[in-house]
Amino acid sequence: MTLTMGAHTAKGTRTSAAARAVDVWKVYGSGEAQVAALRGVSVELARGGFTAIMGPSGSGKSTLMHCLAGLDSVTGGDVYVGDTLITGLSDHGLTRLRRDQVGFVFQQFNLLATLTAEENILLPLSIAGRKPDRQWFDAVIDTVGLRDRLGHRPSQLSGGQQQRVACARALISRPEVVFADEPTGNLDSRSGAEVLGFLRNSVRGFGQTIAMVTHDPTAASYADRVIFLADGQIVSELTAPTAEDVLDTMKSLDTLTAVA
Ligand SMILES: Nc1ncnc2c1ncn2[C@@H]1O[C@H](COP(=O)(O)OP(=O)(O)OP(=O)(O)O)[C@@H](O)[C@H]1O
Ligand SMILES: [Mg+2]
């Protein structure tokens, strides 16, 4: 994939991270019911990088993604998306940020049942009142291999195809970062591999920045980098890992937690 789009060339010349958390704390509830979901997390998502976020259930993975994406407020610390400090943005500013700068892929696909695949993909642009760039639309559609399914509704598509529609929807506005929370959690391994391959291609081919939460070492091995959370803190990190590397790290962290 050698396609280079104008906006990406411009983005590629900037050196700052696509998203950045600086000593982020997130505390839910108050008094006895208080839960510190994030306890001083600092992380940078390099532009054009594919980062996997792993860790036990309840370790703060989804919370970290939501805070990085401006879907949830932080209790302390700073979050930047691109060059924008988003902690402190008004509601209106946050709405615009979520619409223009971030894309989401969820485990449950979250497609609108009454819309066709094409309408679902174009929905973020329709909401923003923006016209699709046909060349970009074509590039995205061909990468996800949905050309002959554009007129189908979600119920007429397989799980893997539905998730590829969701990926195309996340990419269509060329966001600064795509966040994916267990995107392969509901897919069989073959469809999962297709979706992961597509996510990786959008990083390699389009320079898209992606952060993905997963429990699956094989899924994590598609990423350039894996960060491990435990108890609301980053406890380990791997670069260009194999699935075995990821599994070994998970085991060693289990042992550490068992000792503690
Ligand atoms: N809205 C909320 N109100 C109160 N506590 C919450 C809320 N959301 C998350 N938590 C708590 O914060 C902690 C981290 O939750 P989070 O959903 O980020 O975990 P996770 O790593 O994504 O887990 P999983 O792998 O199960 O999805 C958990 O203890 C959870 O119970
Ligand atoms: Mg989660």
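This is a predicted model: local features need pLDDT of at least 70, side-chain atom pairs count only at pLDDT 80 or more; totals for chains, interfaces and linings use all residues.
**Entry 1: a hairpin**

I began with the hairpin that strand 4 and strand 5 form, with 2 residues between them. Gly82 in its turn has a positive phi of about 60°. Strand 4 covers residues 76-81, and strand 5 covers residues 84-85. I take helices (H or I, at least four residues) and strands (E, at least two) as DSSP runs, numbered from the N terminus. The two strands are antiparallel and share 2 bridges; I call strands paired if DSSP finds at least two bridges between them.

Residues count from 1 along each chain as its sequence is written, with chains lettered from A and ligands numbered from 1 in the order in which they are written.

**Entry 2: strand 1**

Strand 4 also runs antiparallel to strand 1, joined by 5 bridges. Here Ala21 faces Val79 of strand 4. Strand 1 (residues 19-28) holds Asp23, whose phi is positive, about 45°, although Asp23 is not a glycine. I looked up its surroundings: Asp23 has 13 C-beta neighbours inside 10 Å and therefore counts as partly exposed. The scale is buried at 20 or more other C-beta atoms within 10 Å, exposed at 12 or fewer, and partly exposed in between, with C-beta atoms placed from the backbone.

Next I traced an open sheet of 6 strands, in the order 6-7-8-3-9-10 and with mixed pairing. Its edges are strand 6 (102-106) and strand 10 (233-239), each of which pairs on one side only. From one strand to the next the twist averages 20°. For angles, axes are lines fitted to C-alpha atoms, for helices over the stretch in contact, and the range is 0 to 180 degrees between N-to-C directions.

Strand 6 pairs with strand 7 (residues 177-181) in the parallel sense, over 5 bridges. Phe106 has Asp181 of strand 7 opposite it.

I then checked Val105, which lies in strand 6. Val105 has 25 other C-beta atoms within 10 Å and so is buried. Its contacts, leaving aside neighbours within four places in sequence, are Ala166, Cys167, Ala170, Val178, Ala180 and Pro183; contact requires C-beta atoms, placed from the backbone, within 7 Å. Val165 is 60 residues from Val105 in sequence, yet their C-alpha atoms are 9.7 Å apart.

Beyond four places in sequence, Ala211 touches Leu45, Thr51, Ile53, Met65, Leu68, Val177 and Phe179.

Helix 2 (residues 61-68) lies across strand 3 (50-54), strand 7, strand 8 (209-213) and strand 9 (225-230). I noted that it runs at about 150° to strand 8.

**Entry 3: the core**

Which residues touch the most other members of the largest nonpolar core? They are Ile53, Cys167, Ala168 and Leu199, in a core of 65 residues. Such a core is a set of buried Ala, Val, Leu, Ile, Met, Phe, Trp, Tyr and Cys residues joined through C-beta atoms within 7 Å. Helix 6 (residues 159-171) gives the largest share, 6 residues. Ile53 is in contact with residues including Lys61, Leu64, Met65 and Ala211, its neighbours within four places in sequence left out.

Arg174 has a positive phi of about 50° and is not a glycine. With 20 other C-beta atoms within 10 Å, Arg174 is buried.

**Entry 4: helix 4**

Helix 4 (residues 117-128) has Ala117, Asn120, Ile121, Leu122 and Pro124 buried. Their cover includes helix 3 (91-100) and helix 6. Gly129 follows helix 4, with a positive phi near 70°.

**Entry 5: ligand 1**

Last, I listed the shell around ligand 1, whose residues include Tyr28, Gly29, Val35, Ala37, Lys61, Ser62 and Thr63; a residue is near if its C-beta atom, placed from the backbone, lies within 6 Å. Helix 2 supplies the largest share, 3 residues. Strand 2 (35-45) is also among the elements that give at least two.

Notes
Two residues are in contact if their C-beta atoms, placed from the backbone, lie within 7 Å.
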